Amino acid sequence: MPDLLLELFCEEIPARMQAGAAENLRKLVTDALVDRGLVYEGAKAFVTPRRLALAVHGLPAHQPDTHEERKGPRVGAPEAAIQGFLKAAGLDTIEQATIESDPKKGEFYVARIHKHGRTTPEVIAEIVPEIIRAFPWPKSMRWGSGTLRWVRPLQSILCTFGPETEEPEVVRFEVDELKSGDTTRGHRFLSSGEIRVRRLDDWMTKLEAAFVVADRERRKDIILADAKDLALAQGLELVEDEGLLDEIAGLVEWPVVLMGSFDAGFLDVPDEVIRATIRINQKCFVLKDPKTGRLANRFILVSNLKASDGGKAIIAGNERVIRARLSDAKFFWDTDRRTNATVPLAERLAKFGNVTFHEKLGSQFERIERIAALAKALAPLVGASPGLAEQAALYAKSDLRTEVVGEFPEVQGLMGKYYARLEGLPEEIALAAEEHYKPQGPGDRVPAAPVSVAVALADKLDTLTGFWSIDEKPTGSKDPYALRRAALGVVRIVLDNGLRLKLSELVEPDLLAFFADRLKVHLREQGARHDLVDAVFALPDQDDLLLVVKRVEALGRFLSTDDGRNLLAGAKRAANILRIEEKKDGVSYDGGVDLVLLHEPEERALAEAIAALGPKIETALAAEDFEGAMALMAGLRAPVDAFFEKVTVNAEDKALRANRLRLLADIRTATRTIADFDRIEG
């Protein structure tokens, strides 16, 4: 079957936009093809700094024919109705329609429409210009006298279609006076002239010969393998950086990996600052000495040129820039060390009084004081020293006013650890300075040291309660103060450290509901069911996240058994009947069952089972033995099943009916000691 090759060649596409653009092109084109009846076998997008491309395999040569039958007005209908029918059906005259009879409606017109499918190149020529004109770039520009908006000036369009065994045809179309063709260009500096290509394999082979590696993942593999080989040859290890690797792969079409060096005297600067300097300013990887575990005075750079001198000039240029940047970093580091040695913490903290945290929440200094007070209060609950927790909270953000963090904000917290050690502060304070921001994302580690935990929780809870108090809550996709991340951080700290905290004593009820939502997100990512979290949170006083999770896990295991599934069905049936009857009668049937009115053996057996198991279930729950409580609850399955099989709830006798409804209410009450079964799906 034929294949499509599309390439959009332009000036340099920003690296951060490339992956998203490739996926958008694939989806937009393939969705448009499928919508028009052109089903394909496979599709792959490609992106380099100067081109966005797509190959679609196994397309049919033309659209399938379509047959449609459209019913029209009755024979003898007004002329306006006839004309409307002809226009909608695409008929010229009413004679082109057939007449059919219906015993009830009489005779009416029917149009039988047969449409021949268009050739696939015709369809491609229609959809691709539309996609190009409306392409969703985060930022785009116009140039010259044209109207097209593209990320950078679009220079050529390649579009071919055909089977492997034949010469493909050029799919002809025009976008803003730019005509499609079958030519592309190679590397900006290492190749010249146009390159004529036929299909995907030909395109990739000829581009490679013109010093362009079209496949983004292959460029990444080349960079990583060559960097590791260079490091190994020097007895060093590459410090891998997936984000940097992605970025560099978007900056080069022909990756050439080289190694440079810097003065070993700069190794006096903390490793993280060296890495940040080299990464941010020069987009280079750093290397580690496996013997010491610290950075080596070498770095890996990736050039987009195969230079005639073997890259010596390129290396020398990078070394000059890195030397200057590391000189700045060393100056900042030395300045901070002198300042921290001579200026007391209280004096440094006072400077935060001039920094506004939020116009409605006061200064950074006021916030630091709030965090310190909260950390001190939380300390006994997490096994930390209150004094150390308070001191750590007062110190934790002091590095924000340092020279190094002012230049490299991404090392905040980490530098606090270094400065604390230089000042001879307890290691607990040093760790808390680094770890109180954590976890900052799903892959980030969770603090475990008690003092760090106290300060991290205090920091996040102060953020949440503060912004909640001024009604600055996340809405939709907007969360400018990262409150979702803060709440999820609290959830992870509590669960990973097995902490017993009653959040209702720390936050308002609506904020507690927000924690429930974040817990659902966290558990769902781990494969748990969100409806079980809802069912547990619906119970009163569910503010201990650790117990909520334990209860949810036990409930999930219980509902995976036959007893659990059947009891759930019975409990939901009881709840549904009660909901209907209580609404109709305007009363609640919660209350004691009259044993005298239990006529049927099945209702007596159910009442006895609830009475016998209720205290045992309560005892198990009080001991936080959720597995045991579920096992006891399973004992209700048989009597509940028997009750619904043999007993009519809505009996004609009003007293009997009310008593049986109260028995259903007892089922509801018994199951709600475990969870609100009404909220469980299934």
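**Overall dimensions and local features of the predicted chain**

The protein chain has a radius of gyration of 35 Å, whereas a compact globule of 682 residues would have one near 26 Å. The radius is taken over C-alpha atoms, and the globule rule is 2.2 Å times the number of residues to the power 0.38. The model is predicted: local features need pLDDT of at least 70, side-chain atom pairs count only at pLDDT 80 or more, and totals for chains, interfaces and linings use all residues. Residues are numbered from 1 along each chain as its sequence is written, and side-chain values use heavy atoms, with hydrogens and water left out.

Along the principal axes, the C-alpha trace spans about 105 × 100 × 45 Å. The secondary structure comprises 24 helices and 18 strands. These are DSSP runs numbered from the N terminus: helices are H or I with at least four residues, strands are E with at least two. Of the contacts with a separation of 6 or more, 67% join residues 24 or more positions apart. A contact means heavy atoms within 4.5 Å.

Buried residues make up 49% of the 682 residues. Buried means under 20% relative accessible area, exposed over 50%, and partly exposed in between (1.4 Å probe, protein chains only). The accessible surface comes to about 32800 Å². Carbon and sulfur atoms hold 51% of that surface. Areas come from the Shrake-Rupley method with a 1.4 Å probe; for residues, only the protein chains shown count as cover.

The chain carries 93 positive and 109 negative charges, and their mean positions are 2 Å apart. Lys and Arg count as positive, Asp and Glu as negative; His and the chain ends are not counted. Each charge is placed at NZ of Lys, CZ of Arg, CG of Asp or CD of Glu.

The search of the whole structure found zero disulfides. Cys-10 is in none, and the nearest cysteine sulfur, that of Cys-159, is 16 Å away. The criterion is a pair of cysteine sulfur atoms within 2.5 Å. Cys-10 is buried, at 1% relative accessible area. Cys-284 is also buried, at 2%.

Leu-663 lies in helix H24, residues 654-671. Its relative accessibility is 0%, so Leu-663 counts as buried. Not counting residues up to four places away in sequence, Leu-663 touches Val-593, Leu-598, Glu-603, Leu-606, Ala-607, Ile-610 and Phe-643. Val-587 is 76 residues from Leu-663 in sequence and 15 Å away in space, C-alpha to C-alpha.

Glu-435 belongs to helix H14, residues 427-435. At 7% relative accessibility, Glu-435 is buried. With residues up to four places away in sequence left out, Glu-435 touches Arg-445, Pro-447, Ala-449, Ser-452 and Ala-456. The loop between H14 and helix H15 (450-469) holds Pro-439. The peptide bond from Lys-438 to Pro-439 is cis, with omega near -5°.

Most residues other than glycine have a negative phi, and most peptide bonds are trans. Asp-176, not a glycine, has a positive phi of about 55°. Asp-176 sits in the loop between strand E9 (174-175) and strand E10 (178-181). With a relative accessible area of 33%, Asp-176 is partly exposed. Lys-283, not a glycine, has a positive phi of about 55°. The loop between helix H7 (271-282) and strand E15 (285-288) contains Lys-283. Lys-283 is partly exposed, at 30% relative accessible area.
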